[in-house]
Amino acid sequence: MSTTPSRTTGKRLRTRAAGAAAAVVVTVLGAAGLVSCDSGGDEGRSPTFSDGPTPPDTASFSGGAPSALASAASSAASAARESASSAAASASARESERAASIGAETERSRKQAEDALKGVEGRGNALGEVAMTGKPRAETDGRLAVVVTITNKTGEEASYAVQVDFLDPSGKVVETQFTGAEDLAPGGRKQPLVISREPAEPVLTPRLTKAQRY
């Protein structure tokens with residue numbers, strides 16, 4: 001017995017419809033499974049979502065990093081203190097060297113002026129080129145001091161030697177100081193400071209005794 005074309009066509013259509021229906025069922029079941037997983041297993045409720053970020057789990061943090069940072073900060077602070085201390089010591093040493101150098105230069109100039117005035121008769125040849133003014137005791141720790149202004153009023157380079165005497169109330173010379181200026185250019189000026197070594201009392205009077213150009 002032979003099969004007619006209409007029966008064959010109907011059978012194929014039924015087979016395709018059954019396959020399509022099975023695919024739809026599988027798709028629906030898969031989607032239901034995904035929704036179930038996202039909802040955390042709660043049936044009949046929609047999945048929930050958080051609008052804000054999830055805070056970190058601080059229990060998982062290690063204490064090693066903050067400790068290392070604190071140690072590094074302590075080391076840096078210690079190094080900074082040592083550097084500052086070293087810089088201060090270096091500055092103090094330089095200041096001491098500078099003061100010693102100034103003191104040595106002042107003593108050399110004093111000795112040279114004293115030597116230059118030996119044998120000079122009278123008051124010398126340069127009194128008109130030297131002036132003297134007092135300095136406030138507040139600026140010299142209460143000690144008597146004078147500023148000696150030496151000006152080369154000649155047309156040639158010259159050196160100067162100056163003698164300053166300090167007199168007590170009776171007019172007696174109780175101290176003598178020397179100062180000067182070397183190789184002063186024409187029109188040049190120098191202002192050395194002369195400080196008495198005597199006590200503040202009794203009050204002394206400074207006097208410009210000699211000034212020699214050489």
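Me: How many residues of S2 are buried?

Reply: Some conventions come first. The model is predicted, so local features need pLDDT of at least 70 and side-chain atom pairs count only at pLDDT 80 or more, whereas totals for chains, interfaces and linings use all residues. Residues are numbered from 1 along each chain as its sequence is written, and side-chain values use heavy atoms, leaving out hydrogens and water. Strands are DSSP runs of E with at least two residues, numbered from the N terminus. Buried means under 20% relative accessible area, with a 1.4 Å probe and protein chains only. In S2, 7 of its 7 residues are buried.

Me: Which residues point one way from S2, and which the other way?

Reply: Ala145, Val147, Thr149 and Thr151 point one way, while Val146, Val148 and Ile150 point the other way.

Me: Which strand do 5 bridges join to S2?

Reply: Two strands pair if DSSP finds at least two bridges between them. Here S1 (residues 130-134) is joined to S2 by 5 bridges, running antiparallel, and Ala131 has Thr149 as its bridge partner. S6 (residues 193-195) is also antiparallel to S2, with 3 bridges; Val147 stands opposite Leu193 there.

Me: Which residues have the most contacts inside the largest nonpolar core?

Reply: A nonpolar core is a set of buried Ala, Val, Leu, Ile, Met, Phe, Trp, Tyr and Cys residues joined through side-chain atoms within 4.5 Å. The largest has 17 residues, and those with the most contacts inside it are Val130, Val148, Ile150, Tyr160, Val162, Val164 and Phe166. Strands giving two or more residues to this core include S2 (145-151) and S3 (158-167); S3 gives the most, with 5 residues.

Definitions and conventions
Buried < 20%, exposed > 50% of the residue type's maximum accessible area, 1.4 Å probe, protein only. Helix = DSSP H or I, 4+ residues; strand = E, 2+ residues; numbered from the N terminus.
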